[in-house]
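Colleague: I am new to this structure. Please take me through a single part of it, closely and step by step.

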Amino acid sequence: MDSENPALDINHLREWIGREEIGADILSEDLARKYHATMDFAGEAPRQGEAAPQLIHFCLAQPAAPTAELGPDGHPARGGFLPPVPLQRRMWAGGAFTFHGDLRVGDAVKRISRIQDVALKRGRSGALCFVTVAHRLEANGALVLEERQDIVYREVAAPGSAVKPPSPGEPGQHRRPKKAGAPLLFRYSALTFNGHRIHYDRPYASEVEGYPGLVTHGPLQATWLCHYAAEIKGTPPKHFSFRGLSPLFEQDAFTLHASEADSGLALWIVAERGVLCLTAKAGW
């Protein structure tokens, strides 16, 4: 139990370790078409039997809780598959992927998810609860992807409290300016069946969670960097990991950066306001 937050009983929350959830889906041609359009990929969308873009699996086999059972933040109410962490903010802190093959349009996809760890830490802003989820994706019975998902729960910062932002990274050998916006965030939320209101409900994001605007999804940022890495190297990576450092907002212009590293590419996103938002590594 956390002495500063008696409701945060870590021993109780750790009882969720080992809990599993299984989902199934079809990677349809319609999904591939809409994903292709949302991400502004060049050329034609993949058709039946063709390889789909990496990280499209974020759109597949997602939990479908009834609307009446959603929590105030738009996520499924806590205490089902994920532990009922009593901290207001829930964010995707990072993740790692090992690709064993391609997902193809028309594949029958099965996702097996397991709570791997629940840990309590304390940061500058207060208590932080990290939940690690392991996902295994199979296509037509064959393993195609292993994923580690890192979720962080934290308290909402008090108004006026100072939060030191991460220092901006150095300019990369490869750079690409980019800008997102509310329509893209809404479409990505719809494709991934993500009801978290910080991505499409501006009054909620600002008035309840204290953000200056809509928050750009961590997995969306990871997708940009993963595909940027594939473009630079000419082939999709076999391993990819990312870590969120600071929120990227709808109004932010930003730049994708990449530099050669011993194991492949180091990648990062820097907002025009000078904040390092997300870092990643890609390996082949």
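Colleague: Which residue takes a positive phi just after helix 5?

Modeller: This is a predicted model. The residue is Gly 234, with a phi of about 85°.

Next, its surroundings. Helix 5 is mostly covered. Twelve of its 16 residues are buried. Gly 218, Pro 219, Leu 220, Gln 221, Ala 222, Thr 223, Trp 224, Leu 225 and Cys 226 are among them. Tyr 228, Ala 229 and Ala 230 are buried too.

Now back to the positive phi. Most residues other than glycine have a negative phi. Two other residues have a positive phi without being glycine.

Take Leu 55. Its phi is about 75°, and it is not a glycine. Leu 55 sits in the loop between helix 2 (29–38) and strand 2 (89–99). Its relative accessibility is 2%, so Leu 55 counts as buried; the cut-off is under 20%.

Then Asn 140. Its phi is near 55°, again positive in a residue other than glycine. Asn 140 lies in the loop between strand 4 (126–139) and strand 5 (142–154). At 56% relative accessibility, Asn 140 counts as exposed, because exposed means over 50%.

Methods: Residues are numbered from 1 along each chain as its sequence is written. This is a predicted model: local features need pLDDT of at least 70, side-chain atom pairs count only at pLDDT 80 or more; totals for chains, interfaces and linings use all residues. Side-chain values use heavy atoms; hydrogens and water are left out. Helices (H or I, at least four residues) and strands (E, at least two) are DSSP runs, numbered from the N terminus. Buried means under 20% relative accessible area, exposed over 50%, partly exposed in between (1.4 Å probe, protein chains only).
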